Amino acid sequence: MGTEEAITSIIRLVGGQGNINNVWHCMTRLRFDLVDDNKVDQSEIQKLPGVLGAQLQSDQFQIIIGPKVNGWYEQLLVALEQKTLTTPRGKPERKSLVSLFMDTVSGVFGPIVPAIAGAGMIKGLLAGLVALQVVPAKSDTVIIIDLIASGVFYFLPFFLAVSAAKIFKTNEYLAAAVAACLMYPSLIEAAKALAAHQDGAVSAFWLLNAVPVPVFNYASSVIPVIFSILALSYLHRWVDGFMPDVLKTVFTPTLTLFLAALAALAIIGPTGIWLGKALAWFIEGLFSVSASFAGLIVGAIRPVAILTGMHHAMTPIALQNFSDRGYDMLMPMMFMANMAIAGATFAIWRISRDRQEKTVTLSAAISALLGITEPALFGVLTRYKKAFIAATMASSLASAFIAFFGVRLYGYILSSIFSLPAYIGPYFVFAISGVAMALILSFVLTTVLIGREQ
């Protein structure tokens with residue numbers, strides 16, 4: 001059975017096209033919002049060639065494909081005979097706030113992860129080259145490569161706006177226009193002047209001397225733009241609802257943009273900034289109690305979060321940390337979790353006696369080493385519960401170790417073995433030690449726990 005036949009079978013086994021409200025994908029999974037989850041034949045879907053696993057999680061039906069998910073997604077859209085599912089058919093029950101949050105985060109970040117990961121990898125390699133003095137830090141070469149890597153993060157609000165517009169079913173170009181308001185040079189320059197305490201810096205602009213517009217730098221921000229586009233979606237429908245048909249073409253986008261941009265600048269953006277700061281402060285508070293304890297907790301929940309599809313919830317916090325503090329300590333822990341999963345999977349590969357299973361397991365282990373853990377988790381570790389426990393223990397201990405020594409990143413990068421150049425600097429030896437600990441400890445624990453059963 002080829003991919004095309006598998007896609008046709010997936011549509012049938014999830015209840016047919018009429019049962020699909022929406023579909024999108026992240027790095028490794030097809031994610032479905034279905035009208036009736038009871039129509040899904042999960043066991044048959046899991047038997048399809050190329051499918052690594054399937055699960056219903058937080059009102060999403062997720063099919064784990066692995067690195068080829070984008071190709072499957074494109075073929076799925078062709079099979080559905082439409083580019084996007086823009087008209088939800090309605091679910092009989094309301095989703096919980098947690099489900100809505102997870103749908104939103106995974107839906108918004110999933111499509112833009114390739115751009116973020118690619119730019120992050122370039123940024124990490126550049127940092128390594130500068131640290132090793134391969135290229136001078138102030139050279140033109142560094143400037144050019146840095147702008148290639150940093151452009152995505154600086155203009156992240158535009159990427160998020162377009163992606164969020166698709167999730168919230170609103171106009172993508174109006175969404176980009178709202179993001180442009182948040183990124184306009186006058187606002188950013190005023191925010192930089194205020195941050196530097198320069199003479200003449202203002203803390204707010206005033207619209208008609210009546211509406212204060214607080215000054216913030218929204219470059220690289222996450223939460224403000226997502227909530228702004230959510231508001232845009234409601235405003236657009238509201239304005240379009242009462243606007244006479246003869247005036248809709250011109251005045252619906254005019255009034256919608258004005259109201260949405262004003263709301264974003266005066267209310268939603270500042271609130272989002274403070275909400276993002278609050279999330280960062282919470283994580284920082286956890287670290288202030290005990291960095292090692294924070295590492296134990298984050299490292300322990302990371303494999304489970306990936307397994308349940310909830311790991312995207314950490315991405316906005318990490319990106320907000322980069323924006324506010326210039327560094328983040330969560331992503332190194334994600335790195336440790338990936339290495340622990342790889343180590344446990346390598347152990348299963350070594351222990352296994354079945355040739356076909358060894359081939360599949362080795363491929364999954366290498367993928368985990370390169371930062372894609374779903375094949376290892378769903379294809380291997382879910383079948384070996386003790387190996388999963390071993391990976392979780394190793395992830396927790398390695399994360400506590402690097403947290404104790406303050407290992408941090410200064411830019412987003414995929415949690416892959418190739419991420420190591422990004423750690424070159426004062427924390428490099430501890431990062432290397434953490435990777436070794438995660439790999440070796442998970443490998444040894446898995447060998448001990450599973451080897452006794454062989």
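User: To begin, does Asp245 count as buried or exposed?

Analyst: Asp245 counts as exposed, with a relative accessibility of 65%. The model examined here is a predicted one, and Asp245 takes part in one of its salt bridges, with Lys248 as the partner. In that pair the closest N and O atoms are 3.3 Å apart. Both residues belong to helix α11, which covers residues 245–289. Because Lys248 and Asp245 are 3 residues apart in this helix, about one helical turn separates them.

Lys248 has a further partner: its side chain also meets that of Asp240 in a salt bridge, at 3.8 Å from N to O. As for accessibility, Lys248 is partly exposed, with a relative accessible area of 25%. Asp240 likewise counts as partly exposed, at 29%, whereas Asp245 is exposed.

Another salt bridge joins Glu44 and Lys47. Here the closest N and O atoms lie 3.3 Å apart. Glu44 is partly exposed, its relative accessible area being 33%, while Lys47 counts as exposed at 61% relative accessibility. Under the criterion applied, the count comes to 3 salt bridges.

How values were computed
Residues are numbered from 1 along each chain as its sequence is written. This is a predicted model: local features need pLDDT of at least 70, side-chain atom pairs count only at pLDDT 80 or more; totals for chains, interfaces and linings use all residues. Side-chain values use heavy atoms; hydrogens and water are left out. A salt bridge is a side-chain nitrogen of Lys or Arg within 4 Å of a carboxyl oxygen of Asp or Glu. Buried means under 20% relative accessible area, exposed over 50%, partly exposed in between (1.4 Å probe, protein chains only). Helices (H or I, at least four residues) and strands (E, at least two) are DSSP runs, numbered from the N terminus.
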